Amino acid sequence: AEPPELELIDNDFAMEFNGTDEYISAGNPTELQFTSSFSITGWFKCTGSTYKRVVGKDDGTNRSYYVQVQNTGVLSAGVFTSGINQVNTSSFTVNDGNWHFFAFMFEQGTGTKIYVDNNASPSEDLFGSSIDNDPANFEIGRKGNNTNLFAGDIDEIAVWNRLLSVDDIQTIYNATNNNPGKCANLWSGGLGTGLVYWNRMGD
């Protein structure tokens with residue numbers, strides 16, 4: 001069966017970051033202090049060959065999870081377990097100046113998955129440890145120690161305290177891929193369940 005269609009929300013804006021001093025902090029709310037499975041999705045657009053942090057809860061000392069564009073132009077994401085970076089790197093180049101969609105998921109006891117754009121085969125990193133719940137702020141557009149600042153656009157960062165299904169990911173991608181505002185109503189189609197953070201730029 002085809003994934004359901006989501007209601008579109010009129011939104012023609014995205015977050016623009018200059019790569020120097022612009023970022024967004026949501027603080028350290030309990031809703032984003034994960035100790036078990038979670039999912040993060042969003043869109044971004046960038047060029048260049050420097051590290052660019054899309055989103056994360058990681059200040060270099062207190063470290064939990066992150067998504068970033070590597071200096072090689074591919075997307076990586078990971079979680080920290082007992083201080084060890086369990087990094088998962090996708091093979092898709094994403095620093096080409098085009099919009100790219102990502103879904104990053106952590107399943108406790110199994111590992112992480114990264115989906116990029118409309119590719120149904122994720123990059124996987126399998127391990128059995130749980131995630132470190134360190135007291136760093138949840139930030140969009142930089143690493144918390146003011147490095148890896150993002151230069152480009154980011155939109156529709158959403159976080160769930162559960163694993164998204166492949167159909168959930170496809171539903172979000174289908175709804176936002178051809179919508180210039182990159183905004184779909186995540187409260188419809190059952191996607192509101194477990195949704196703990198959603199940055200709808202322009203609302």
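Leaving aside neighbours within four places in sequence, which residues is Gln-86 in contact with? In this predicted model, the partners of Gln-86 are Ala-77, Gly-78, Val-79, Thr-81, Asp-125 and Phe-127. Gln-86 is found in strand E7. The residue has a relative accessible area of 17%. The cut-off for burial is under 20%, so Gln-86 counts as buried. Its side chain also makes a polar contact, at 3.3 Å, with the side chain of Thr-81.

Strand E7 (84-93) belongs to an open sheet of six strands. The order is E2-E11-E4-E5-E6-E7, and the pairing is antiparallel. Strand E2 (24-25) and strand E7 form the edges, each pairing on one side only. Within this sheet, strand E4 (residues 52-58) pairs with strand E11 (residues 138-140) over three bridges. These two strands are antiparallel. Gly-56 has Glu-139 of E11 as its bridge partner.

Strand E9 (residues 111-116) pairs with both E8 and E10. Five of the six residues of E9 are buried, so the strand is largely enclosed by the rest of the structure. Six bridges link E9 to strand E8 (residues 100-107) in the antiparallel sense. Phe-102 stands opposite Val-116 of E9. Three residues separate the strands in the E8 and E9 hairpin, where Gly-109 takes a positive phi near 85 degrees. Strand E10 (residues 123-126) also runs antiparallel to E9, with four bridges between them. Here Thr-112 has Asp-125 of E10 as its bridge partner. Asp-125 is also among the contacts of Gln-86. The hairpin of E9 and E10 has six residues between its strands, and Asp-117 takes a positive phi near 55 degrees.

Nonpolar packing was examined next. In soluble globular proteins, nonpolar side chains tend to be buried together. The largest nonpolar core has 31 residues. Phe-44, Val-54, Phe-102 and Ile-157 have the most contacts inside this core. Strand E3 (residues 38-46) gives the most to the core, with four residues. Another core lies apart from it and has 15 residues, among them Met-105, Trp-160, Ile-169 and Ile-172.

Beyond its neighbours within four places in sequence, Phe-102 is in contact with Ile-40, Thr-41, Gly-42, Trp-43 and Phe-44, among others. Further contacts of Phe-102 include Val-54, Val-55, Val-67 and Leu-75. Tyr-115 and Ile-157 are also in contact with Phe-102.

How values were computed
Residues numbered from 1 in each chain as written. Predicted model: local features only at pLDDT ≥ 70, side-chain atom pairs only at ≥ 80, totals over all residues. Heavy atoms only, no water. Buried < 20%, exposed > 50% of the residue type's maximum accessible area, 1.4 Å probe, protein only. Pairing = 2+ DSSP bridges. Core = buried A, V, L, I, M, F, W, Y, C linked by side-chain atoms within 4.5 Å. Contact = heavy atoms within 4.5 Å. Polar contact = N/O pair within 3.5 Å; in protein donor to acceptor, adjacent residues only side chain to side chain.
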